Amino acid sequence: MYGVMAWFAEKPVAVEWIERHAAAAAPLIPDEYRRHEIGGDDWGVRVRHAPPGPFRWPVVATGDGITAVSLGLPVGLDTSGGPVRLAGRLLAGEDVHADVVPPFTLIAVDRAERFAIQQDWLGMGRLFTATANGVTAFADRPSLLAAFLWGAREPDVEGWCSYTASGHFGGDRSPIRGVRLISPGERFTGARRPDGGWTVTSSRRRSVDDVVASGLAARAAGPDAAVALATEGLLATAKGIDGLYGDDITIGLSGGKDSRVIAAAFLATGRSVGFSTNVDVPAEGETAQELMRIARAKHGIEPPHRLAHVAAPADVLGVKLADRTRRLQDLYDFQFPSTYVVRRAAARQLPTPRGASISGAGGELAVAYWYPADPATDLDRDVARRTAVSHLTSAVPAGTMDPDAHAAERARIAAVADRADALGLEGQAIVDYVYLVERVRRWYTSAYLFGVFTPFLSPAFVAASFALTAPEKRAWTLHRGVLDRFIPEWSDVPFVSGRAVTRSTATAVWDGDGVPAISDLLDTTGGPLTAIIRPAAVREALRDCVGGAPAAHRRSSLLQQFTTLAVATHTLQPDAVRHVTPTTYRRLTAPRRTIPARRLLGIAVRRFRFVRRTRLGRRLWSAVRDRLT
C-alpha cells in the first residue's frame, strides 16, 4: 500500500495547504513506511509506501534527474531498464501503458521542469484529481485532495447515488465533491514556465475503447484465434508477474470457472504456486479439493492448498457493525463495496503487503455473464441496453431508492450503453462493454490492494473476449479452450454456480448488533445521503430480520448499503446527525398486545353500528338482523 500526493500550481502554494494534507494523512501511515518528498514552492510530490519486501519493482525510483512513482505493478510492460527508463519513455510521449494489466498508474517528473502522469487503459488505477485556485492536484485518496485544496470535504451526492444503485462509484465519480478519478488512458502533462508556475494539460491516449475495438476487429479470425490470443495473454501475464515478484504466490481457487482457468495457466508455466479457497460456501471447498486431487493424480503436482472461512461470525462480530463500517471507509476512503462490512474489521492504518495473490476476476467478460436467458435476444440492442441498466442499478431492491436518484443513475448507465453502440458493438456485446467500464473498473477490489494481480485484464484476454460472438460466449469457448490447453481433466469437473450453491455460513449484516445498530442509524441520521434510500424500506427490511422472514436475505444488500450511507454521513456531514433517543429498535422488538376474542367482537360490533346513523344504513341493519333471526 502507499499514499501519494502531487500538485502543480500557477503560483506558490501556501504552506498551510501542505500542512493540512500532512495532518489528514498522518493517522493512516505506519511508522515503518518509507517517505519521499520532492518539489518547490509551486509544485511537490509526496509518497509514503510500505517496504518493498519480495516485490521487484519499487514504488519510487530516481536517476538521471528523473523521479518515477509507480501506483501498482507494470505487469505486461517492457520493464527492461527499470522504472526510470519507463518514466523516461513516458516523458518522451510513448504509450507505455498500452499493454499493461490494470491497475497501474505512472508519475514521471523530470527535475523541476516537466512531468507526465499516465493512467492505465481501463482507468482502474486509483489516482484522483481536482483543481482549485490555479492548483492541479493528484492523490490516491479523494479525501486528501479535499484536505489539501479546501481544508474540508463534502460528499458528492451524485457519486453516492451511483454507489447506492450499483454498489460502487460509477464512471469517474468519487465520494468527495469536486474530485474525480482519472479517466481511462488519460495523460496529464505539465511544463514549468520560465517565470515560475506550471502549465498543465490533459489528453486521452490508448484506452479501453481501443482495446475493445481491436477485439471486435479480430472476430473475423474465428474462435480458435480468440482462444490462442487469450492463452497467449494469460501466459505472458503469468511470466510477467514472475519477473516482478520473487516469493510464493497464492491463487484464490473457487469452484467456479474463472479461478480454475487462472490456476491452470500458472501451473502450466511451471511456477511454484499455492492455493486458497473460501469455504464459507461448502460447495466451493468441495470442488476445489477435487481439482487438487486431479492435479496430484494426473500431473503429479502437489501445491499447498489452504481452506479458510473469511467471514465466519466468530471472527467478524467481535467488532460492532458501525465500527466495522467506519474502519472500512477510513482505510479505503469510502470506496470499498458494502459487502465487506460483514467481513473482519479492516486495519486502522495502511497495511504492509504480505505477499502477492492472483485474482480470477474479469472472466465474466467471456461467458455471457449478464446476458438474458433467451438466446434469441442476443442481437437485440434495446434488450441489451435494458439489461445493462438493470444490472447496474440493482444493488438495492426495486422501489427502495429515491425515484429521482434512481432515474438519474439509469440515464447515466444508458449513456454508457449508447457509447458502446457507437463503437460498433452489437446486441449483448453492449452489456459486456458496460460491465467492463463500470463494474470491472470501479468494483474490483484488486484496484485497492497492492500485490493483487488480475490476469483476465490482460489486454489480449479482454480483446479476445470481444472477438467472440454471443453463442460462443454462452458456450464458454475461451474458458474451455484454455483449460483444454493446460489441464484438460479440469474441464470434466462441474463448475459451481452461484445460483445453485448451498447457503453460505458467512456473517449476515443483521447478525450480532446489526439490527439495533441499523435501527439507531435510521433514527439518528439525516442528510442527503441517507435520503437516497427510502426510510420505510429500511424499516420493513429490519422488521423482516426481527421476525425471521425469508425475505430478509433478499434485503441484505439494502441494509448494507444504508449502513454505508449512514456511517459516511456521520463522518462527512456530522451536522446531519440528529441527537435524539432512538425508538425504532424498541418498537420492532416490543411484544405484541393481544386482545381477547370476546372483547374484539364487542369492538367490531360497536364500530359497525355507525351504519344506523343514515336511512340507508338503518335499512341495511334491519335486513341483516331479519335474516339472522
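**Aromatic pairs and charges over rings**

Biologist: Phe 55, buried or exposed?

Modeller: Buried, with a relative accessible area of 6%. Buried means under 20% relative accessible area, exposed over 50%, partly exposed in between, with a 1.4 Å probe and protein chains only.

Biologist: What are the ground rules here?

Modeller: This is a predicted model, where local features need pLDDT of at least 70 and side-chain atom pairs count only at pLDDT 80 or more, while totals for chains, interfaces and linings use all residues. Residues are numbered from 1 along each chain as its sequence is written, and side-chain values use heavy atoms, leaving out hydrogens and water.

Biologist: How many aromatic pairs?

Modeller: The structure has 26. Rings of Phe, Tyr and Trp (its six-membered ring) pair if their centres lie within 6.5 Å; planes under 30 degrees apart are stacked, over 60 edge-to-face, the rest tilted.

Biologist: Why is Phe 55 with Tyr 245 called tilted?

Modeller: Their planes are at 55 degrees, so the pair is tilted, with centres 4.8 Å apart. Tyr 245 is buried, at 1% relative accessible area.

Biologist: And Trp 160 with Phe 334, what geometry?

Modeller: Edge-to-face, because the planes are at 80 degrees; the centres are 6.0 Å apart. The two residues are 174 apart in the chain. Both Trp 160 and Phe 334 are buried.

Biologist: Which rings form a cluster?

Modeller: Ring pairs join Phe 8, Trp 43, Phe 115, Phe 138, Phe 188 and Trp 198.

Biologist: New topic. What sits over the ring of Tyr 340?

Modeller: The charged end of Arg 343, 4.5 Å from the ring centre. That needs NZ of Lys or CZ of Arg within 6 Å of the ring centre and within 35 degrees of the ring normal.

Biologist: Which residue lies over Trp 476?

Modeller: Lys 257, at 4.6 Å from the ring centre.

Key:
Helices (H or I, at least four residues) and strands (E, at least two) are DSSP runs, numbered from the N terminus.
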